[in-house]
Amino acid sequence: MPWKENEKYDPLVQEVMRVVQSCCNTRPTLRPSAASVAHSLFNILTCAAIGIKITPQISELIKIRVSDILDTIDKKTGR
């Protein structure tokens with residue numbers, strides 16, 4: 001992704017990347033709804049416009065790791 005170069009430095013880009021990554025989750029139940037994505041992007045842009053720093057949320061990598069663990073447990077238990 002072309003904006004990955006600025007990911008480390010720009011908090012706005014980091015927040016947008018979190019939203020994009022959440023949409024790409026391999027576990028459908030962890031993907032946000034379209035309304036949730038729109039709401040998240042609106043909040044990110046609104047906070048950026050008025051100068052409010054956004055509190056980082058749980059890392060998408062952590063969510064993906066937990067999702068993988070749950071998938072493994074589901075397969076082992078036959079769920």
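These legends accompany close-up views of a predicted model.

**View 1. Confidence along the protein chain.** The model is predicted, and the protein chain averages a pLDDT of 81. Of the residues, 81% score at least 70. Confidence is highest in helix H2 (residues 34-50), at a mean of 91. Confidence is lowest in helix H3 (residues 60-77), at 84. Where pLDDT is low, the predicted coordinates should not be read in detail.

View 2. Helix H1 covers residues 11-23, 13 residues in total. From first C-alpha to last, H1 reaches 19 Å. That is close to the 18 Å expected at 1.5 Å a residue. Val13, Glu15, Met17, Val19 and Ser22 are buried in H1.

View 3. The side chains of Arg18 and Glu15 form a salt bridge, with an N to O distance of 2.4 Å. Both residues belong to helix H1. They sit three residues apart, about one turn of the helix. An α-helix has 3.6 residues a turn, so residues three or four places apart point the same way. Glu15 has 7% relative accessibility, so Glu15 counts as buried. Arg18 has a relative accessible area of 21% and is therefore partly exposed; the cut-off for buried is under 20%.

**View 4. Arg27 and Asp71.** A salt bridge joins Asp71 to Arg27, and their closest N and O atoms are 2.9 Å apart. This pair links distant parts of the chain, 44 residues apart. Asp71 lies in helix H3, and Arg27 in the loop between H1 and H2. Arg27 counts as buried because its relative accessibility is 17%. Asp71, at 28%, counts as partly exposed.

**View 5. Arg27 and Asp74.** Arg27 also forms a salt bridge with Asp74. Here the closest N and O atoms are 3.5 Å apart. Again the pair links distant parts of the chain: the loop between H1 and H2 holds Arg27, helix H3 holds Asp74, and 47 residues separate them. Asp74 has a relative accessible area of 22%, so Asp74 is partly exposed.

**View 6. The salt-bridge network.** Arg27, Asp71 and Asp74 are linked in a network of salt bridges. The structure holds three salt bridges. Side chains of opposite charge can pair when their charged atoms come close.

**View 7. The surroundings of Ser67.** Ser67 is found in helix H3. Its relative accessibility is 0%, so Ser67 counts as buried. Beyond its neighbours within four places in sequence, Ser67 is in contact with Asn25, Arg27 and Leu30.

Notes: Residues are numbered from 1 along each chain as its sequence is written. This is a predicted model: local features need pLDDT of at least 70, side-chain atom pairs count only at pLDDT 80 or more; totals for chains, interfaces and linings use all residues. Side-chain values use heavy atoms; hydrogens and water are left out. Helices (H or I, at least four residues) and strands (E, at least two) are DSSP runs, numbered from the N terminus. The expected span of a helix is 1.5 Å times one less than its number of residues. Buried means under 20% relative accessible area, exposed over 50%, partly exposed in between (1.4 Å probe, protein chains only). pLDDT is the predictor's confidence in each residue, from 0 to 100. Contact means heavy atoms within 4.5 Å. A salt bridge is a side-chain nitrogen of Lys or Arg within 4 Å of a carboxyl oxygen of Asp or Glu.
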